[in-house]
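Please keep the sequence and the coordinates at hand while reading.

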Amino acid sequence: MGNSDSKLNFRKAVIQLTTKTQPVEATEDAFWDQFWADTTITVQDVFALVPAAEIRAVREESPSNLATLCYKAVEKLVQGAESGCPTDREKQVILNCTRILSRILPYIFEDQDWRGFFWSTVPGAGHAGTDELDDDDGARPLAESLLLAIADLLFCPDFTVHSHRRGPDSVENMQSLDSCEYIWEAGVGFAQSPPLNYIHDLNRAELLRLLLTCFSEAMYLPPSPDNSVLNPWVTFFCSTENRHALPLFTSLLNVVCAYDPVGYGIPYNHLLFADYREQLVEQAVQILIVTLEHDGGLPRPAASSSSMEELENAGPENLFVNYLSRIHREEDFDFVLKGLARLLTNPLAQTYLPHSTKKIQFHQELLVLFWKLCDFNKKFLFFVLKSSDVLDVLVPILYYLNDARADQSRVGLMHIGVFILLLLSGERNFGVRLNKPYSLHVPMDIPVFTGTHADLLIVVFHKIITTGHQRLQPLFDCLLTIIVNVSPYLKSLSMVAANKLLHLLEAFSTTWFLFSTIQNHHLVFFLLEAFNNIIQYQFDGNCNLVYAIIRKRNVFHQLANLPSDPATIQKALQRKKKSPDVISRTSSQETVSMEGSHPAVPAEPGTLKTSLVAIPGIDKLTEKSQVSEDGTMVSIPKVDSPGTVHSNQSAAAGSSDTESNSGRDNEMFSWCYQDVFYTEAEMERRRLSSASSTSLWTPTPEWILSWKCKLPLQTIMRLLQVLVPQVEKICIDKGLTDESEILKFLQHGTLVGLLPVPHPILIRKYQANAGTATWFRTYMWGVVYLRNVDPPIWYDTDVRLFEIQRM
């Protein structure tokens, strides 16, 4: 039968289904078989021939027909999983049922009354009728039958995996098959790489698409701060009920980490051969990030009575999370890290032949996977930081951050990149690794410099803060926290990076910026802390920074003598009304950008984006640890630290908490996180209203004095006191205007015994909490939604987890 006949017959069946007002019995196979038996239709055909309006009409007007269609399609998958689909016709039926279910499920999920349907037992379903006494195989809920069938079919010889049959007559029994021998790709825990078979890749991708659709029920529930509500589809699929959990987890991870999009290094290779593996890799990484979501990194409640009881209350163990956290062999870590670094670096690969290498599009999913690896498997995190391989992940992240800084549709990508760097910066080794010289020439729209990876990080962060869009302001605290965390270990900053840091201080310490919101002064505290760390712990190699501090010494003197009289406050606020710009973008000597780089551009009009929930403030995102003399870290209980705002003015800013015990980082942005979750439109309204309530808040002399006296200026003032006269003397004596002589003098200078006693190093380590867990869930499903456009699985359905917005 030709393809057009197939489409015609299929369309006829759909019309019959929507027009039949009487229920069609499940036993009328002649009617139901029209949907899958004799057709060869693609998934795109199914989406075109089954319009949304008709699915909804059947759901409302003849619900029993929709229920029977789902039940019959699942039944076919269960039969295929039992028989192993020996014939081509059976294989085709399986694929057709897979496509139809992928089309229908979102419309089941969007209707609250239907959500329980797949979890109810259908009379006569499963094996219920066969043997009254066989309780174990009692009628399973439809969802469980469906998930187990998909798992079986993903290891079906000659359909999704290579057959291991010895002779033409031997048959592989699906029930006794050991799927650990059929893992899809060599890598973690599996040594053989099966030959590539694009038909198997295509069939796996179809089944994984259906699996992802099953898991997507999460998109139809509004964001909730209660993370104990688990996705029942994921919970069941990743439980011991699924006998293929281990081989499937291993197959997904290995397929992703072994993938090389460049393909044997031949230019234009990807134009000659359709890359079926890429589609499979995309589906695999999306399944991984969605299944690895549960109980993600949340601290378990303290045991109330016995540890046994705690184990019982701990909720079902997600096997994918369990397996991920137990990977431990060095060669496995190496395989995973090298694979992820290769894929993350792929879009940066610069060749002289346009379009000669294939560029992958799934870097956001890879970043979430990398995050989950570091979060669930601390041994992996330490492995990453043990060698300079961490820089192979850092450079692409900085590239993406710099590239997306002007594009509001990529604000989620900015957040995940910064979160990863915040997590890494909590470990001493990360700061140490940054001292490696940066010699790569990835074309980036940043000033040309010669220096280390630390210089690259600072230059990119400066670019984000001074030329990014407004919505990135909540990330400023995170960016500066990362710089403070690594500062005690930075051996030698370049002149370019040193000037960028001083430009930030200059911009953040203008009176109009300091007085315009209740928390802007925190940014100055962070920068001073970073300078103090470098001067106290790394003075010897940092003559560029010391020179920059001497040149800009007036900024420090102005801070020390910051006026707090009402007239100055008024003047600063008038200035703010004139230019509400975030940061003065002048006075940073902008130099030529790197050759071959493209400027960061805003989103194209019409770009779709999904909304995100607010991120917690920096004090909720991190906990302070002190580095003791032997290098170990001790966490510090939260108490007052410099810059804490007392007095009732904090309450006027609408902050949720009394601020006395929350530390100076409290309430970074008053709308940022108050244990309530908002859509972006709502957040925008809150921001405007908090702007008006902030306009009720006005800076007072008392408020300014409350934090001004805590500015940590002693070390820098002492340094200036000692070095400025010496530098001036050299200039007068030698008639110098040449900075190289001064740098040479500073290089050999010493301040031993002249500076205050070094302060202990404070590190703010990332800590997981309910707010970040909800942020990740929303971001991750938003990425999955936007990336699945062909076919558009969820498009135009009533998604509740986020809003879809057009730029």
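How many residues lie between β2 and β3 in the hairpin that they form, and which residue in the turn has a positive phi? In this predicted model, five residues lie between the two strands of the hairpin, and the turn residue with a positive phi, of about 90 degrees, is Gly631.

**Pairing of β2 with β3**
- Strand β2, which covers residues 622-627, pairs with β4, and β2 also pairs in the antiparallel sense with strand β3, residues 633-635, over three bridges.

**Pairing of β2 with β4**
- The antiparallel pairing of β2 with strand β4, which covers residues 761-766, runs over six bridges.
- Here the bridge partner of Thr622 is Tyr766 in β4.

**The sheet as a whole**
- The three strands make up an open sheet in the order β3-β2-β4, and the pairing in this sheet is antiparallel.
- Because β3 and β4 stand at the edges and each has a single partner strand, one side of each is left without a neighbour in the sheet.
- From one strand to the next, the twist of the sheet averages 40 degrees.

Conventions. Residues numbered from 1 in each chain as written. Predicted model: local features only at pLDDT ≥ 70, side-chain atom pairs only at ≥ 80, totals over all residues. Heavy atoms only, no water. Pairing = 2+ DSSP bridges. Helix = DSSP H or I, 4+ residues; strand = E, 2+ residues; numbered from the N terminus. Axes fitted to C-alpha atoms, helices over the stretch in contact; angles between N-to-C directions.
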